[in-house]
Amino acid sequence: MFTGIVAGMGVLEKVQRPAPDFCTFHVRLPEGMGKDLTEGASVAHNGCCLTVTAVQGDCAQFDLMAETLAKTNLGELQVGSHINIERAARIGDEIGGHLMSGHIWGQTEVLAVERSEHNCTVWLALPEALRPYVLPKGFVGLDGCSLTVGEVRDDAFCVYLIPETLRRTRFGECEAGMRVNIEIDPQTQAVVDSVKRVLAAQQL
């Protein structure tokens with residue numbers, strides 16, 4: 001499990017592609033994040049949970065299979081790309097964001113970025129299948145960041161980013177057309193799906 005509080009950005013240093021549907025990432029983690037990291041541990045990359053296959057200092061390796069490459073934006077990354085990194089939460093850790101599984105639902109596209117001196121509003125496309133789960137003031141995971149949903153329209157929604165988020169994550173590089181991994185808040189999903197089932201049963 002993860003909390004959606006990105007610790008910093010890793011750098012993709014090498015990509016091995018022995019097949020079109022499989023690759024290995026060599027990632028330099030943010031300083032200090034390699035401490036006590038072991039093979040088999042879970043690390044979120046742009047919100048996607050990957051398993052450590054090798055580690056040396058602040059450098060680690062991760063395997064990506066066909067489903068990961070198809071569902072997330074990790075397959076689009078190139079050597080030198082920045083990656084939002086979060087290590088798995090531990091019992092007793094502060095939950096500063098919201099609980100996230102690291103299981104990506106899909107991708108969405110940045111439609112527009114509105115910047116002022118101290119504020120940044122990012123508008124993103126809202127896929128039809130996800131509309132029931134994206135609610136004003138609700139939670140959503142975007143590239144691994146736990147963010148509060150702002151305004152919601154029929155086909156788009158926005159989030160508001162503070163300077164610290166822009167400094168610490170790849171949202172500082174955000175521009176229209178960028179593809180972002182999205183994970184719906186599991187509690188919201190559970191409530192919405194439960195209500196749907198109850199209403200459907202009442203109509204029988």
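Which residue does Arg28 meet in a salt bridge, side chain to side chain? I opened my notebook with that one, keeping in mind that I am working from a predicted model.

**Entry: the salt bridge.** I found that the partner is Glu13, with 2.8 Å from N to O. I then looked up where the two residues sit. Arg28 belongs to strand E2 (residues 22-28) and Glu13 to strand E1, so this pair ties together parts that lie 15 residues apart in sequence. I also took the total for the model, and the rule gives six salt bridges. A reminder to myself: side chains of opposite charge can pair when their charged atoms come close.

I went through the two spans in turn. Residues 1-98 are 6% helix and 45% strand, and I noted 10 Å between the end C-alpha atoms. For residues 99-195 I wrote down 16% helix and 41% strand, with the end C-alpha atoms 21 Å apart.

**Entry: the domains.** I turned to the domain assignment, which divides the protein chain into domain 1 (8-87) and domain 2 (106-187). Their centres, taken over C-alpha atoms, are separated by 22 Å. I counted who takes part in the contact: 14 residues come from domain 1 and 14 residues from domain 2.

**Entry: what lies between them.** How much area do domain 1 and domain 2 bury between them? I have it as about 1000 Å², of which 35% is on carbon and sulfur atoms. I looked for salt bridges between domain 1 and domain 2 and the count is zero. Polar contacts do turn up there: eight residue pairs across the interface, both residues at pLDDT 80 or more.

**Entry: the domain 1 side.** Which elements give two or more residues to the side of domain 1 that touches domain 2? My list reads strand E1 (8-19), helix H1 (66-71) and strand E6 (82-87). E6 gives the most, with three residues. Sorting the residues on this side of domain 1, I got three nonpolar, eight polar and three charged.

Technical notes: Residues are numbered from 1 along each chain as its sequence is written. This is a predicted model: local features need pLDDT of at least 70, side-chain atom pairs count only at pLDDT 80 or more; totals for chains, interfaces and linings use all residues. Side-chain values use heavy atoms; hydrogens and water are left out. Helices (H or I, at least four residues) and strands (E, at least two) are DSSP runs, numbered from the N terminus. Domain bounds come from an automatic or database domain assignment. Contact means heavy atoms within 4.5 Å. Buried area is the accessible area (1.4 Å probe) that two parts lose on being put together, summed over both. A salt bridge is a side-chain nitrogen of Lys or Arg within 4 Å of a carboxyl oxygen of Asp or Glu. A polar contact is a pair of N or O atoms within 3.5 Å; within protein, one must be able to donate a hydrogen and the other to accept it, and residues adjacent in sequence count only if both atoms are side-chain atoms. Ala, Val, Leu, Ile, Met, Phe, Trp, Tyr, Cys and Pro count as nonpolar, Asp, Glu, Lys and Arg as charged, and the others, Gly among them, as polar.
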